Amino acid sequence: MTKPDLLPGTLDMLILKTLTRAPLHGYGIALSIKRISQDVLTVEEGSLYPALQRLLLQAWVKAEWKMTDTNRRARFYTLTAAGRKQLGAELNQFHQLIAAITRVLQDA
Amino acid sequence: MPNKLHRFFNKLFFFARRQKFDADLAEEMAYHRELKQRDLQQADPTLTPQDARYATNREFGNATVLKEQSRDVVAFWFETTLQDFRFALRQLRKNLGFTVTAILMLALGMAASIAIFAFVDAALLKPLPYKDPNRLVGVFERVPLENREDSNLSIPDYLDWKKRNVSFTALEAFDGTSVMLQRSDGVETVRVGRVSDGFFRVLGVAPILGRDFLTGEDLLSAPRTAMLSYSAWQTRFASDPGVIGKSVTIEGHPTVIIGVLPREFHFIPVEPADFWLTLHPEGHCDLSRGCHGIYGVGRLKEGVTIQQALADTKSIASQLEKEYPDTNRGQGANVVPLTRYIVGDFRPILLMLLAGAGLLLAIAAINIASLLLVRTESRRRELAVRGALGASPSRLIRQFVTEALVLVGTGAILGTVAAFWTTRLLTHLVPEDLLAHMAFWQHLTFSPRVFTFAALIAAFAAILFSLTPTVRTNMPEMREGLAEGSRGSAGNAWRRIGSKLVVLELATAVILLVIAGLLGKSLYRLLHVDVGFQPDHIATMFVAAPTATYGKPEQAIALHRLILDKLHQVPGVKAVGMSSALPIDGWGNTTWFRVIGRPWNGEHEEVAQRDVSTEYFTALGAKVVRGRLFNDNDQKSSPQVAIINRAFEKKYFPSEDALTKQISYLSTPPVPIQIVGVVEDIKEGQLDSGMYPALYFPFLQEPDNYFMLAVRTSQAETSVIPTLAAAIRQLDPQIAATRGASMDDLIRNSPMAYIHRSSAWLVAGFASLALLLSVVGLYGVIAYSVSQRTREIGVRMALGAQQSSVYRLILGEAGRLTTLGVLIGLACAVGAAAAMQALLFGVRSWDLPTLAAVAIILSAAALLASYIPARRAASVDPVVALRAE
């Protein structure tokens, strides 16, 4: 079965949303998205990293090296206040868009 | 924009810690994959660690690409550009031969185009140095007989046109002439413009010093005033600002200098003019309605078109026809844009030159494009590797664009600089007198238009050279390039296209070389044509004695005797001849005549007429066929006599003895003139003209105070000229002896010789550029062929091939192309030369020595160009060549 492609521009939003629960490292983010979407949304895992740089650059997330449970160094990303605000704005836009599309589809 | 600022500082932060950024990214990606692999193995224990790693990498994606993308997110735009640029430089340096060749070719092509465009720009695009020149028109008469659109006006007609027209804000008059300027040590003839008072006002030109002519200052009653040209102010008055108000004596009239014209001012129909005088109409011609000596220039009124102005002047002309039927019958009118009147003659030749330069540029561009194509072929593996390692197609294309920009940028700068010096050189090569007729090229500078033109060419070249390699690199193919690592097929495309182009270029060079050769040879023939006399050791000059003192026949005769005696005292002088016109000047100065004793019904038999002194034929070294020359007894009081030339005899007395014949001017009753001699034809007209009938009369019977001197000397004639001029001035400082030149120089610089010489040089210039480009093109093809075949050659040599056979292999390839190019070129050249046979003199279009010489020159150059790569091929070390794979 082919999996649906991610809607363009939604990856940033998904990352931000994932980080609202807890700070995560890259692999954690990928796992989390996969699990919560029940395997429907799988991103090419590596593409998380350019996206994360984008978010870092906008200062919507922060990155910190921390020790994991297995005593390994890993880079954890945390949502910033600006990031939370951005997420709100993006969600708002997204919901409006979905609602509009849904209305059109039901009407037809 | 705090957000933007924020981003900028973040970028700066990342930029400063670029190494840490890379290390962090690599570490977290590695950690990611480690966890992933662990999870995969836990989920499916049957998986081997190797398979798990493959699966991980598959799901993670291309790490190199992702790192690059991540870096792009945080990098400044110029960082990758800089990286591309550095890489481009490295690539170009690695292949120095290609780089230098490409840049030089581009520079050459651009230099030729830009230089010629600079000339075109200055002549055709740059507005004339007048106010609003598009509203200015030349106003002329038009006569049905002459096929000229700019016949001159008479002053009375001009004054009527000026008064009656409703089309011009102002209509002014101008004319160029020579006058005598009094100097402390004698007189000098100078070129002057003669204009109506409002001439400079209508052009919108103001003097930089002093004042303009005032209204009414051009009337005979007004005191005489003059304006100085900028160059005359510099050379004659050492740029002295106190020159205003000074008086000079021109034609015996004290004339006050009132102004100096701007440096950039020129008025080509009159140039070179040192002084600008006012009309001051006097004398028969100025006052007569039938004597046409001036031209009109007008400024159109607001909203008046040229057609309306033309209709207006035409109606005035027809009114005048009715009012003055004697003088004005058939005198029409014409109005043309002043710009066309001034630069119109230059347009076709300039545009032709521009087209030629464009062709050269196109050849150069094609050469470079094909070299690039080959280079791309040989870089397939590099591209495949970079692609496999994660360079995106756009990134690879950007690399090509960067390389093209480096090439074009360097070439364009070199080309523009070279063009600048070329224009400098060319304007210095043109004789100053001639340059004055092309005054728009004096002080030639590169205008913004020229730079825009250069930039446009460069942009076009950059686009072409960026696109060329990308055409050959579609991405799927790249994997094959990697797989095969093949080289054998690399040069094939090039050998197909490139060698055809090179043959074409070689043929073009051959055509141009042949034409240049033929023009050069016709110049030689022209200069060595039989002129009917001995042109060496003859000094010539123009003598003008004031009419007031020497105008009467007996005064002129007395002067002539004085000059004869005086000049015979100059050491080395063997014979002193005087004539109303010198040979090689034109078949003009004609007269009508009739043969006495033959029926005559008013026909106009027209022949050239020369009034010559006793020693004239001796001085020229002309040959007497029969009869006698003039002697000092042929005077006003004695019977009138004439000498005819061979052509005259052949035409009018084919079967009779001319010496028994008498002729007459068309007077009633006829006054008989006895023919006393026949001379061998002297070339009175242009070098390439035929021989026409000519009549010579004795100077003593037709005296004049203006005449040409031809003095035969035993010394170097140019060194005698100043002595002769000084001797004449000693007789009377009021006599002008000017335009001193040797007869050889007159022949060398005659218009026909000049046209041949300049076109020969011009075509030769283009031909050598074409030769250079085509040879470089050939070098390119062969050099690349060699570089593509290094392995093949290595194998051959490893198997025992001798160096000589490698030479034969490479030179044979070059030889085939050259032979083909030369043959095609020669065939076309003969055709082209036949088409321009009218321009050739004494040379056939299939002149074998020229054709052979061109073939040899081109073959030698081609051999030289292909010898370099052939030597490289022959010195290939088989071990290195094979290991290089």
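In which loop of chain A is Ala59(A) found? Ala59(A) lies in the loop between α3 (48-57) and β1 (61-67) of chain A. The model is predicted: local features need pLDDT of at least 70, side-chain atom pairs count only at pLDDT 80 or more, and totals for chains, interfaces and linings use all residues. Residues are numbered from 1 along each chain as its sequence is written, and chains are lettered from A and ligands numbered from 1 in the order in which they are written.

**Chain A**

- Chain A has four helices and two strands; helices (H or I, at least four residues) and strands (E, at least two) are DSSP runs numbered from the N terminus.
- The order of these elements from the N terminus is α-α-α-β-β-α.
- Of the 108 residues of chain A, 26% count as buried. A residue is buried if 20 or more other C-beta atoms, placed from the backbone, lie within 10 Å of its own, exposed if 12 or fewer, and partly exposed in between.
- Among contacts in chain A between residues at least 6 apart in sequence, 49% join residues at least 24 apart; a contact requires C-beta atoms, placed from the backbone, within 7 Å.

**Side of chain A that touches chain B**

- In total, 17 residues of chain A are in contact with 21 residues of chain B.
- On the chain A side, α2 (26-36), α3 and β2 (73-79) each supply at least two residues.
- The largest share of that side, five residues, comes from α3(A).
- The residues on that side divide into six nonpolar, six polar and five charged. Here Ala, Val, Leu, Ile, Met, Phe, Trp, Tyr, Cys and Pro count as nonpolar, Asp, Glu, Lys and Arg as charged, and the others, Gly among them, as polar.

**Nonpolar cores**

- The largest nonpolar core has 220 residues, of which Leu106(B), Val510(B) and Leu778(B) touch the most other members. Such a core is a set of buried Ala, Val, Leu, Ile, Met, Phe, Trp, Tyr and Cys residues joined through C-beta atoms within 7 Å.
- Helix α27 (residues 751-788) of chain B gives the most to this core, with 19 residues.
- Leaving aside neighbours within four places in sequence, Leu106(B) is in contact with residues including Ala364(B), Ile368(B), Leu407(B) and Ala461(B).
- A second, separate core of 24 residues includes Leu14(A), Tyr27(A), Ile29(A) and Leu52(A).

**Helix pair in chain B**

- The axes of α22 (residues 553-568) and α25 (residues 717-731) of chain B come within 10 Å and cross at roughly 135°. Axes are lines fitted to C-alpha atoms, for helices over the stretch in contact, and angles run from 0 to 180 degrees between N-to-C directions.
- α22(B) and α25(B) are therefore oblique to each other; angles under 35 degrees count as roughly parallel, over 145 as roughly antiparallel, 65 to 115 as roughly perpendicular and the rest as oblique.
- Leu562(B), Ile563(B), Lys566(B) and Leu567(B) in α22(B) meet Leu724(B), Ala727(B), Ile728(B) and Leu731(B) in α25(B).
- The residues of this contact divide into seven nonpolar, no polar and one charged.

**Backbone details**

- Ala59(A) has a positive phi of about 65° although it is not a glycine; Ala59(A) is partly exposed, with 17 other C-beta atoms within 10 Å.
- His280(B), also not a glycine, has a positive phi of about 40°. His280(B) is in the loop between β8 and α10 (283-287) of chain B and counts as buried, with 20 C-beta neighbours inside 10 Å.
- The peptide bond from Glu271(B) to Pro272(B) is cis, with omega near -5°. Pro272(B) is found in the loop between β7 (253-260) and β8 (275-278) of chain B.

Note on methods: Two residues are in contact if their C-beta atoms, placed from the backbone, lie within 7 Å.
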